[in-house]
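This briefing is written for a reader who is meeting the structure for the first time. Please look over the sequence and the model before reading on.

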Amino acid sequence: MADKDGIRKDHNYHLDIPMKNEPFTLRGSNSIAWGMKNRFSNIFNPDTNRTVMLAVDHGYFLGPTTGLERIDVTIVPLLPYADTLMCTRGILRSTIPPTFTKGVVLRASGGPSILKELSNEEIAVDIEDAIRLNAAALAVQVFIGGEFETKSIHNLTRLVDMGNRYGIPVLGVTAVGKEMKRDAQYMRLATRICAELGASYVKTYYVPEDFETVTAACPVPIVIAGGKKIPELDALKMAYNAIQQGACGVDMGRNIFQAEAPIAMIQAVRKVIHENMKPEEALKVYQTLKKEKK
Ligand code: R5P
């Protein structure tokens with residue numbers, strides 16, 4: 001008989017309960033496909049729609065920068081506290097334990113080193129390899145106003161097309177050249193261009209004035225880079241202000257792994273991002289954990 005179950009008497013079809021159709025509430029992401037939503041849920045905590053991305057991809061143009069000399073020693077212990085890891089495929093394969101099951105945002109552009117014109121990047125990963133590595137997203141640098149602006153935009157749009165084919169989101173990373181002014185006007189321009197051209201989410205830098213206009217004008221989630229190492233309280237204030245002004249998280253590197261106590265710092269950052277903890281309180285958390293060496 002085809003339907004053996006049909007003879008059972010104890011089925012319950014819950015006819016009184018309408019089928020749930022939960023909305024996907026991450027900013028700007030309601031209409032994307034299931035696979036992409038699933039990957040996003042491994043980047044942004046679905047309870048808060050926010051993320052603490054740990055950025056350790058700096059070596060792709062900087063080499064072994066301070067704090068990243070030995071990723072196995074300094075970064076692997078931080079993994080339990082990150083929502084997501086951003087790194088290159090070289091580091092992922094060689095150094096990150098495959099038992100790490102949170103989202104990996106794969107650096108997918110590269111080319112020039114710090115010794116050359118940085119905007120002259122190419123796509124640096126095949127989509128098949130990103131799938132093999134089970135990437136949750138691909139990250140591509142976009143140099144608005146840079147010498148190779150169009151080429152970097154083209155890298156973004158090609159990766160978006162590839163990502164869309166397989167349900168992999170693309171993070172547009174707005175790179176600020178030496179000669180460019182870091183202000184809200186520039187960040188609005190750069191982030192909006194990334195979103196308009198298909199980035200699923202965008203990374204930018206925090207600007208103290210009018211940052212809320214940057215997040216308001218970008219229809220997809222924005223995360224902020226940490227930038228150069230600054231005192232812990234200032235980094236926590238920056239994260240707090242960014243979140244309160246509409247950012248959906250941080251993609252923070254140096255202000256975590258160059259902190260005196262990186263494990264304590266990432267936990268303090270989590271408090272700010274996921275619990276809206278005030279920076280001064282989060283600093284106390286940092287200091288206590290640092291003292292307890294946790
Ligand atoms: C730099 O280009 C890398 O993409 C980093 O991921 C990014 O700058 C975030 O790291 P940090 O917080 O150190 O600025």
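Leaving aside residues up to four places away in sequence, Val269 touches Val52, Leu236, Ala239, Val250, Met252 and Ile256, where contact means that the C-beta atoms, placed from the backbone, lie within 7 Å. The model is predicted, and local features need pLDDT of at least 70, side-chain atom pairs count only at pLDDT 80 or more, and totals for chains, interfaces and linings use all residues. Residues are numbered from 1 along each chain as its sequence is written.

- Helix H9 (residues 232-244) has 13 residues and reaches 18 Å from its first C-alpha to its last, close to the 18 Å expected at 1.5 Å a residue, the expected span being 1.5 Å times one less than the number of residues.
- Helices (H or I, at least four residues) and strands (E, at least two) are DSSP runs, numbered from the N terminus.
- The buried residues of H9 include Leu236, Ala239 and Tyr240, and also Glu232 and Lys237; a residue is buried if 20 or more other C-beta atoms lie within 10 Å of its own, exposed if 12 or fewer, and partly exposed in between.
- Among the elements that cover the buried residues of H9 are strand S10 (249-252), helix H10 (254-257) and helix H11 (262-275).

**Surroundings of the ligand**

- The ligand is surrounded by 13 residues, of which the closest are Ala55, Ala225, Gly226, Gly253 and Arg254; a residue counts as near if its C-beta atom, placed from the backbone, lies within 6 Å.
- S10 and H10 each supply at least two residues of this shell.

**Positive phi angles and an exposed position**

- Asn49, in the loop between H1 and strand S1 (51-55), has a positive phi of about 55 degrees although it is not a glycine, and Asn49 is partly exposed because 17 other C-beta atoms lie within 10 Å.
- Asp210, in the loop between strand S8 (201-205) and H8, likewise has a positive phi, near 65 degrees, and Asp210 is partly exposed, with 14 other C-beta atoms within 10 Å.
- Ala33, in the segment before helix H1 (34-40), is exposed because 11 other C-beta atoms lie within 10 Å.

Terms used
Two residues are in contact if their C-beta atoms, placed from the backbone, lie within 7 Å.
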